[in-house]
Amino acid sequence: MPNQIEAIDPMVLTLKSHVDGALSGEALFRFDICLSEALANLVMHAETTDKSAPITVKIRHEAESLSTEIFDPKGAAAFDIRDKARALDEIDAL
C-alpha cells in the first residue's frame with residue numbers, strides 16, 4: 001500500500017473483500033475499524049526518510065483463525081504507538 005492517507009480506504013476495502021467469507025456482521029465491521037485506525041496511525045506517525053516506500057499488509061486465513069500483519073515502510077524509525085495515544089480517561093466513550 002502506498003504510504004498515503006488517501007490509499008487507506010481502498011486498501012481496507014480490498015482487504016475486506018479477501019475476508020468476506022471468513023468474517024461477517026460485527027466482526028467484519030471491527031476488522032474495518034481496526035485496519036483503518038492502524039493504517040492511519042502508521043501513515044501519520046511512522047517517520048521515514050522515504051515516503052515512497054510502501055506499507056506491507058499480509059492476511060493469513062486458516063481454518064479457525066484470521067491474522068493480519070502490517071509492516072512499516074522500509075527505513076521507518078522504530079516507535080511505540082502507545083507513546084502517541086491519549087490517556088484513556090481523556091477519551092470520550094461515545
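The side chain of glutamate 69 meets that of arginine 60 in a salt bridge of 3.9 Å, N to O, the term standing for a side-chain nitrogen of Lys or Arg within 4 Å of a carboxyl oxygen of Asp or Glu. Arginine 60 is itself partly exposed, at 44% relative accessibility.

Before going further I noted the ground rules: this is a predicted model, in which local features need pLDDT of at least 70 and side-chain atom pairs count only at pLDDT 80 or more, while totals for chains, interfaces and linings use all residues. Residues are numbered from 1 along each chain as its sequence is written, and side-chain values use heavy atoms, with hydrogens and water left out.

I then checked the confidence, pLDDT being the predictor's own figure for each residue from 0 to 100. The mean for the protein is 87, and 98% of its residues reach 70 or more. Strand β2 (residues 65–71) has the lowest confidence, at a mean of 89, and α1 the highest, at 92; helices (H or I, at least four residues) and strands (E, at least two) are DSSP runs numbered from the N terminus.

For the overall layout I recorded two helices and two strands, which follow the pattern α-α-β-β along the sequence. Of the 94 residues, 24% count as buried.

How many salt bridges are there by this rule? I count three. In one of them, lysine 16 and aspartate 32 meet through their side chains at 2.9 Å, N to O; this pair links distant parts of the chain, with lysine 16 in helix α1 (residues 8–19) and aspartate 32 in helix α2 (residues 25–45), 16 residues apart. Another joins glutamate 26 to arginine 30, with the closest N and O atoms 3.9 Å apart, and here both residues lie in helix α2, four residues apart, or about one turn of the helix. Glutamate 26 counts as exposed at 56% relative accessibility, whereas arginine 30 is partly exposed at 46%.

I turned next to helix α1, whose twelve residues reach 17 Å from the first C-alpha to the last, close to the 16 Å expected at 1.5 Å a residue, that span being 1.5 Å times one less than the number of residues. Which residues of α1 are buried? They are Ile8, Met11, Val12, Leu15 and Val19. The buried residues pack against α2, β1 and β2, while the face turned away from them carries the exposed residues Asp9, Leu13 and Ser17.

Asparagine 3 sits in the segment before α1 and is buried, with a relative accessible area of 5%. Leaving aside neighbours within four places in sequence, I found asparagine 3 in contact (heavy atoms within 4.5 Å) with Val43, Thr48, Lys51, Ala53, Ile55 and Pro73.

My last entry concerns glutamate 62, which lies in strand β1 (residues 56–62) and counts as partly exposed at 45% relative accessibility. Its C-alpha atom is separated by 9.4 Å from that of alanine 22, 40 residues apart along the chain.

How values were computed
Buried < 20%, exposed > 50% of the residue type's maximum accessible area, 1.4 Å probe, protein only.
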